[in-house]
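Please have the viewer open as you read.

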Amino acid sequence: MAETTNGHGYVGTRTIRPDGVDKVTGRARFGADFNLPGQLIGRVLRSPHPHARILSIDTSRAEALPGVKAVITRDDFADQSSEFIPAGEMMMNYKDVVRNVMAREKALYEGHAVAAVAATSTAVARRALKLIDVRYEVLPHVIDVVEAMRPDAPVLHDDLFTAGVEPRPDRPSNVAKRVEITLGDVEAGFAKADVIVEREFKTAPVHQGYIEPHAALASVSEDGSTELWCTTQGHFIVRAHCARLLGLDISKVRVTASEIGGGFGGKTVVYLEPLAIALSRKAKRPVKMVMSREEVFKASGPTSGATVRVKMGATKDGKFVAGFAELKYQAGAFQGSPVQPGVMCAYAPYDIDNVKVIGYDVVSNRPKVAAYRAPGAPISEFAVESVVDEIAKKLGLDGVDLRMLNAAHEGTKAAYGPKFGPIGLEETLNSIKKTEHWNTPLRKWQGRGVASGFWFNIGGETCASLTVNEDGTVSLMAGTPDIGGLRASLSMVAADELGIPYDKVRPIIGDTGSLGFTFLTGGSRSAFSGSMAIVEAARQIKTELCARACKLWDAKPDQVEFANGHVRPLGAVADKAKPMSIADFAKIAGKTGGPIGGYGRINAQGAGPSLGTHLVDLEVDPETGRVTILRYTVAQDAGRALHPAYVEGQFQGGAVQGIGWALNEEYVYGDDGKLQNAGFLDYRMPVASDVPMINAIVVEVANPKHPYGVRGVGETPIVPPLGAIANAMENATGIRFTELPMSPPRVLKALRERAPGRA
Amino acid sequence: MARVVLVGNLAQLTGGVAELNLSATSVKQLFQQLAELHPALEPHLAEGVAVAIDGQIFQDALFQPIAPDSEVFLLPQIAGGAGGRI
């Protein structure tokens, strides 16, 4: 069989998204939109204390309240053994997961779930929560990462001994792990340096800030069969977690992912889902649970705040010769911060012979962190990019030139070990330098900054199916929730592979009973891996159609080819038969062997890293300290943009989230260990009126390991903004800001403390 | 023989040995040989590590071939990586 894939050429165009009409007309069903007859409302009782031993929980008064159908506590979840598993976007330990969804021995942060009820109404459920008697022994708490590392800090877990140090400590502490990577000889590298810059930085924990709160609806039948509808980045992962936590066979749990109102890594773990199932199992009725915004902030994962020390050395010609960093990341109440990728990414954009990065994973009395876009990388790369900017100034070079001089490229040995294949950092730097933006003059109190960023990208287990319907249209089913335009991107690939119109492919996201295990949407993998699975499924269809054509035409395999949506006769049979379209085969499918379809089941390998460079102009108001972003340009390597508008959307979204991280967002805790800004009024995220149009430059250095050259694009764009904005702030004010966020009070304070004569 | 480099904390489990030359022709053989030489590595290999073969990172790919002259790095799992099977 000869085969070509020259279909309509949809890949690379800006098709209309198949889910668009439902989204703009309000038909799309998000997590809280699902309801079932007879459903109960579930609510969670949460700890008011940041750190307290739970002496007893008496639910009898709540259970006696009319309308209350079930109450659950720690006693409804079997304890789990200590076992690390790769789940979601970070490693986790089920011993911790079961304690995070429902506190056991101790409440470890304000908002930690202690009990939950299911009742006939929200009002009854709320009253019931007030009738649950919990006796606490309040314990000293610790919030800050550096304070948590002190020997006299309150210890959260008596069984937590620092891993990664020899000999093993003889006392438990809040330092869960020490990690390190080394390349070359960093001390010898510094000895060669003409310029050395060393700085300490601090970043605040920030929330992923998805607009849609966590929501779940569970229905458990008398035979234990469980259905769950929820908003998640990975319904197969939810199924696995819930089955494990509740002792269910995976085959008995069916999870359907709703449309999702943002996740950004924060919806890769479970919070309400196992509680809703446990309540439904107990009440024998469906149970619906939706978090309030306050609960989202207090009880679902932000990403780490951190303290980072960076020391870099360069020759007078601008060549980086040594890089050192020490990272201390908050993990929240349970170990598992993204410090490992932070360590690996810190110097990844650069070609440096001598690198040493040390990281610490530290627990404190905050909600357990969850993944957030390029987990760990924005923090460490912010610090490095700030120091790179200082080195450029010391050497009298502009930031782009210095980065170009040291940029990693194909063949560069990455700081974390292996050599890079084709990557596009140099192309992004060149693109930035050619922009009109780069060459536009600035006024007083305005500043310009540049920074680059790196993320690995991943593949992983992925299933997708294509089914040819009776009329020749095609149903596409994917196993990863569509967050950034996946359905459109996969449909374009399917249309091109099969040579049929884009609007003849209808995509859906299948539930966990419809496809094989599929890893979640995250790590920048869904378009990369999903399109590879679709290519596999389409090729199965083409092979099958060619085989049927051979039988119909009495042809040999080399006498047929698939091209432009048709099987065509070749050679001796060319005159005897007419080309047949997919629709032609669909009409006679029953007579020629039955339904036609393909099923891609792969563990996608070959993800290519994506690197990007951001350029920002801003203006500082010296009277208020307020910073206004004036202009912003993103250049990033997408490998090949399946759908350029969605790629640009990822660039823009990542940049805006990075702007919020840099300028305003932070968790504010009182001395009592309680979060003081658990709402969007006080937790200040950028809104549309805060940012200009983000200009996006899509650089395409093809990934040779993907049939279309695709790289993941969703993670990298949140990495450079922190450094780019800090560098622009220095350019505008002459002050090197080393602590995020650069919020108006902090900026104003810095301006006032600066030596006289500048402000 | 492939040159195998252990990145990060993995070398702590081998008494400081960070580089080895092994005759493995696949990731599966690589893990077997490493576990035989350094039993302390075995649980970590089972838990999941990323393997970079000549610059290309593979996760959960036991049958991936390794050429005699390959350069292989064992890395901590990349975030979001691994199959996520539980």
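## Domains, strands and a partner chain

In chain A of this predicted model, 36 Å separate the centres of domain 2 and domain 3, taken over C-alpha atoms. The domain bounds come from an automatic or database domain assignment, and the table gives them for chain A.

| Domain of chain A | Residues |
|---|---|
| domain 1 | 2-28 + 459-604 |
| domain 2 | 34-139 + 212-261 + 267-299 |
| domain 3 | 306-457 + 608-753 |

A word on conventions: residues are numbered from 1 along each chain as its sequence is written, and chains are lettered from A and ligands numbered from 1 in the order in which they are written. As the model is predicted, local features need pLDDT of at least 70 and side-chain atom pairs count only at pLDDT 80 or more, while totals for chains, interfaces and linings use all residues.

How many residues of domain 2 of chain A are in contact with domain 3 of chain A? There are 20 residues of domain 2 of chain A in contact with 18 residues of domain 3 of chain A (C-beta atoms, placed from the backbone, within 7 Å). On the domain 2 side, helix 9 (293-299) of chain A is one of the elements that supply at least two residues, and helix 9 of chain A gives the most, with five residues. Helices here are DSSP runs of H or I with at least four residues, strands are runs of E with at least two, and both are numbered from the N terminus.

Strand 21 of chain A, helix 14 (residues 486-498) of chain A and strand 22 of chain A make a right-handed β-α-β unit (with the strands pointing away from the viewer, the path from the first strand over the helix to the second runs clockwise). Strand 21 (residues 474-478) and strand 22 of chain A run parallel, joined by five bridges; DSSP must find at least two for strands to pair. Across this pairing, Leu476(A) stands opposite Pro507(A). Pro507(A) is on the covered face of strand 22 of chain A with Val505(A) and Ile509(A), whereas Arg506(A) and Ile508(A) make up the uncovered face.

Helix 17 (residues 644-663) of chain A has 20 residues and reaches 28 Å from its first C-alpha to its last. Since 15 of those 20 residues are buried, helix 17 of chain A is largely enclosed by the rest of the structure (buried: 20 or more other C-beta atoms within 10 Å of a residue's own, with C-beta atoms placed from the backbone).

Finally, 28 residues of chain B are in contact with 41 residues of chain A. Strand 4 of chain B gives the largest share of the chain B side, four residues.

How values were computed:
The expected span of a helix is 1.5 Å times one less than its number of residues. A residue is buried if 20 or more other C-beta atoms lie within 10 Å of its own, exposed if 12 or fewer, and partly exposed in between; C-beta atoms are placed from the backbone. Two residues are in contact if their C-beta atoms, placed from the backbone, lie within 7 Å.
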